[in-house]
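Here are a few exercises to work through with the model open in your viewer. Try each task before you read its solution.

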Amino acid sequence: MRFAEIEASQWKEVKSIYMEAFPKRERKPFFVLKHSVKRGKARVFTASDENGLLGFTVAIPYQNMVMVDYLAVSGKIRSKGTGSFIMQEICRYFSDKKVVLLIERLDEGAENQEQRIARRRFYLKNGFTSADIFVEGAGGDMEILNFGGKVSPEDYMRLQKYALGRFLFSLSGMRIVEPARA
């Protein structure tokens with residue numbers, strides 16, 4: 001497998017996997033993602049082999065942190081180690097930073113509870129730990145995971161404000177919540 005920054009010829013395949021992997025409520029408009037890359041705010045990394053694109057991740061570096069905004073693997077090859085490969089490469093690439101990401105908070109009443117458990121297990125297996133920080137906003141109730149050091153609530157909110165921009169951040173309604181209330 002090859003891990004590298006996106007090449008111009010890969011955008012169409014990345015979009016296809018992006019649209020397949022994420023429900024509409026979790027997706028930014030694709031042109032926003034491309035614009036963030038063009039402006040240098042976000043970076044897209046891909047995993048590929050001789051057969052083509054296997055998956056991708058979007059990383060947003062900021063100060064001593066990097067946020068994994070999206071991680072997706074083609075539905076044709078899931079559960080074959082590609083996601084772990086991508087996460088290991090991202091953590092190695094940004095070894096001088098704390099790697100941070102959001103996952104849906106575990107909720108026994110959620111329709112996708114099994115998927116939430118599996119997703120959390122995947123990240124823990126790949127060396128991530130809970131930051132013991134929970135947020136709520138337009139995306140629902142989320143838990144923050146980190147790798148390479150624990151992020152503080154204040155640092156995380158600064159990272160989100162940078163990633164979204166002030167205007168979208170204000171519209172997101174994102175806020176830190178107490179673990180018992182999340």
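**Exercise 1. A nonpolar patch**

Task: Find which residues make the nonpolar surface patch of about 350 Å², and work out whether Leu168 is buried, partly exposed or exposed.

Solution: Keep in mind that you are looking at a predicted model.
- Step 1: Phe167, Leu168 and Leu171 together make the patch.
- Step 2: Place Leu168 in the secondary structure; it belongs to helix α6, which covers residues 166-172.
- Step 3: Leu168 has a relative accessibility of 44%. Partly exposed is the class between under 20% (buried) and over 50% (exposed), so Leu168 is partly exposed.

**Exercise 2. The order of the sheet**

Task: Trace the eight strands of the open sheet in order, and say which strands stand at the edges.

- Step 1: Strands of a sheet pair through backbone hydrogen bonds, in a parallel or an antiparallel sense.
- Step 2: Going across this sheet, the order is β1-β2-β3-β4-β5-β7-β6-β8, and the pairing is mixed.
- Step 3: The edges are held by β1 (2-5) and β8 (175-177). Each has a single partner strand, so one side of each lacks a neighbour in the sheet.
- Step 4: On average, and ignoring direction, neighbouring strands in this sheet are turned by 35 degrees against each other.

**Exercise 3. Around β3**

Task: Describe how β3 pairs with β2 and with β4, and explain why β3 counts as largely enclosed.

Solution: Take one side of the strand at a time.
- Step 1: β2 (residues 43-49) pairs with β3 in the antiparallel sense over seven bridges. Val44 faces Val58 of β3, and a hairpin of two residues links β2 to β3.
- Step 2: β3 and β4 also run antiparallel, joined by eight bridges. Pro61 has Val66 of β4 as its bridge partner, while Tyr62 is opposite Met65 in β4.
- Step 3: The hairpin between β3 and β4 has two residues between the strands, and there Gln63 adopts a positive phi near 50 degrees.
- Step 4: Ten of the eleven residues of β3 are buried, so the rest of the structure largely encloses this strand.
- Step 5: Helix α5 (residues 153-164) lies across β3 (52-62), running at about 115 degrees to it, and also across other strands including β4 and β5.

**Exercise 4. From β4 to β5**

Task: In which sense do β4 and β5 pair, parallel or antiparallel, and how many residues of β4 are buried?

Solution: Begin with the pairing, then check the cover.
- Step 1: β4 (residues 65-73) and β5 (residues 98-104) are parallel, with three bridges between them.
- Step 2: Met65 is bridged to Lys98 of β5, and Met67 to Val100 of β5.
- Step 3: Eight of the nine residues of β4 are buried, leaving the strand mostly covered.

**Exercise 5. Val37 and its contacts**

Task: Locate Val37 in the secondary structure, then list what it is in contact with beyond four places in sequence.

- Step 1: Val37 sits in helix α2, residues 30-39.
- Step 2: Its relative accessible area is 21%, so Val37 is partly exposed; the cut-off for buried is under 20%.
- Step 3: Neighbours within four places aside, Val37 is in contact with Trp11, Ala42 and Val44.
- Step 4: Val37 and Ile133 are 96 residues apart in sequence, and their C-alpha atoms are 28 Å apart.

Note on methods
Residues numbered from 1 in each chain as written. Predicted model: local features only at pLDDT ≥ 70, side-chain atom pairs only at ≥ 80, totals over all residues. Heavy atoms only, no water. Patch = residues over 30% accessible without salt bridge, like charges linked within 9 Å, V, L, I, M, F, W, Y side chains within 5 Å. Areas by Shrake-Rupley, 256 points an atom, 1.4 Å probe, with all protein chains shown as cover. Salt bridge = Lys/Arg side-chain N within 4 Å of Asp/Glu carboxyl O. Helix = DSSP H or I, 4+ residues; strand = E, 2+ residues; numbered from the N terminus. Buried < 20%, exposed > 50% of the residue type's maximum accessible area, 1.4 Å probe, protein only. Pairing = 2+ DSSP bridges. Axes fitted to C-alpha atoms, helices over the stretch in contact; angles between N-to-C directions. Contact = heavy atoms within 4.5 Å.
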